[in-house]
Amino acid sequence: MTHAQQQILTVLAWVPDGRVVSYGQLADLAGLPGRARLVGRTLRTQDTEQLPWHRVVAADGRLGLPQGSPGWLEQRQRLLAEGIFFKGNPLGGNRVAMAQYQWQPDLAAMLMLFEQ
DNA sequence: ATGCTGACTACTG
DNA sequence: CCAGTAGCCAGCA
């Protein structure tokens, strides 16, 4: 695993319950602007068992996995379990209301990210 | 080494 | 809303 990927997983570990981040935003927070695809690749390739991988969604609120796939269903269920609302219909929508749930790290959180 | 692919995204038409 | 395009570049054949 590359240093960049380590950074990504470190930041991911800090995304709080009930909030989400987009692939691009996570890359930015990890000091890797423009590298959203690396985030997706990392989630697909590395072991995210102990990390809140389900809190990473596309910038437009859709989930990265193919809609209807097992992974997509699990991610959606985990998000619903955290109280995250999906546009259109609480159970039938397919996009997270980003404006409402996107994580906005505060100063304290940012400092912790840089300490890692 | 080389070429494709894709859990990305912003932009344009 | 949909399609194409340009950056991105680690994996994998």
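Modeller: A helix axis here is a line fitted to C-alpha atoms over the stretch in contact, and angles run from 0 to 180 degrees between N-to-C directions. Bear in mind that this is a predicted model.

Colleague: Why are H1 and H3 called roughly perpendicular to each other?

Modeller: Helix H1 (residues 3-12) and H3 pack at an angle of about 80°, and their axes are 10 Å apart. Angles of 65 to 115 degrees count as roughly perpendicular. The angle of about 80° falls in that range, and H1 and H3 are therefore roughly perpendicular.

Colleague: What makes up the contact between H1 and H3?

Modeller: H1 brings Ala4, Gln5, Ile8, Leu9 and Leu12. H3 answers with Leu38, Val39, Thr42 and Leu43. By class, that contact holds seven nonpolar residues, two polar and no charged.

Colleague: How do you know which residues surround DNA strand C?

Modeller: The test is a heavy atom within 4 Å of the strand. Gln5, Gly34, Arg35, Arg37, Leu38, Arg41, Gln46 and Arg95 surround DNA strand C. Of the atoms of DNA strand C that come within 4 Å of the protein, 67% belong to sugar and phosphate. By class, this surface has four charged residues, three polar and one nonpolar. Helix H3 (residues 36-45) gives the most to it, with three residues.

Colleague: What makes glutamine 5 a polar contact of DNA strand C?

Modeller: The cut-off is 3.5 Å between N or O atoms. A polar side-chain atom of glutamine 5 lies 3.2 Å from a phosphate oxygen of DNA strand C, so the pair qualifies. Arginine 35 also reaches a phosphate oxygen of DNA strand C with a polar side-chain atom, at 3.1 Å. The side chain of arginine 41 places an N or O atom 2.7 Å from a sugar or linking oxygen of DNA strand C.

Colleague: How many residues surround DNA strand B, and which are the closest?

Modeller: There are 14, and the closest are Tyr23, Gly24, Arg37, Arg41 and Leu65. The largest share of this surface, six residues, comes from H3. Helix H2 (23-29) and H3 each supply at least two residues. The surface near DNA strand B divides into seven nonpolar, four polar and three charged residues.

Colleague: Which parts of DNA strand B come within 4 Å of the protein?

Modeller: Sugar or phosphate makes up 41% of those atoms, and bases make up the rest. Tyrosine 23 has a side-chain N or O atom 2.8 Å from a base nitrogen of DNA strand B. That is within 3.5 Å, so it is a polar contact.

Colleague: Where is glutamate 82, and what does it touch?

Modeller: Glutamate 82 sits in the loop between helix H4 (70-81) and helix H5 (98-101). Leaving out residues up to four places away in sequence, glutamate 82 touches Asp17, Gly18, Arg19, His54 and Arg55. A polar atom of its side chain lies 3.0 Å from the backbone nitrogen of glycine 18.

Colleague: Why does the radius of gyration of chain A agree with a compact globule?

Modeller: For 116 residues, a compact globule would come near 13 Å, and chain A has 14 Å, which agrees. The C-alpha trace of chain A spans about 40 × 30 × 25 Å along its principal axes.

Colleague: What pattern does chain A follow along the sequence?

Modeller: The pattern is α-β-α-α-β-α-α-α. That comes to six helices and two strands.

Conventions:
Residues are numbered from 1 along each chain as its sequence is written. Chains are lettered from A and ligands numbered from 1 in the order in which they are written. This is a predicted model: local features need pLDDT of at least 70, side-chain atom pairs count only at pLDDT 80 or more; totals for chains, interfaces and linings use all residues. Side-chain values use heavy atoms; hydrogens and water are left out. A polar contact is a pair of N or O atoms within 3.5 Å; within protein, one must be able to donate a hydrogen and the other to accept it, and residues adjacent in sequence count only if both atoms are side-chain atoms. Helices (H or I, at least four residues) and strands (E, at least two) are DSSP runs, numbered from the N terminus. Ala, Val, Leu, Ile, Met, Phe, Trp, Tyr, Cys and Pro count as nonpolar, Asp, Glu, Lys and Arg as charged, and the others, Gly among them, as polar. Angles under 35 degrees count as roughly parallel, over 145 as roughly antiparallel, 65 to 115 as roughly perpendicular and the rest as oblique. Contact means heavy atoms within 4.5 Å. The radius of gyration is taken over C-alpha atoms; the globule rule is 2.2 Å times the number of residues to the power 0.38.
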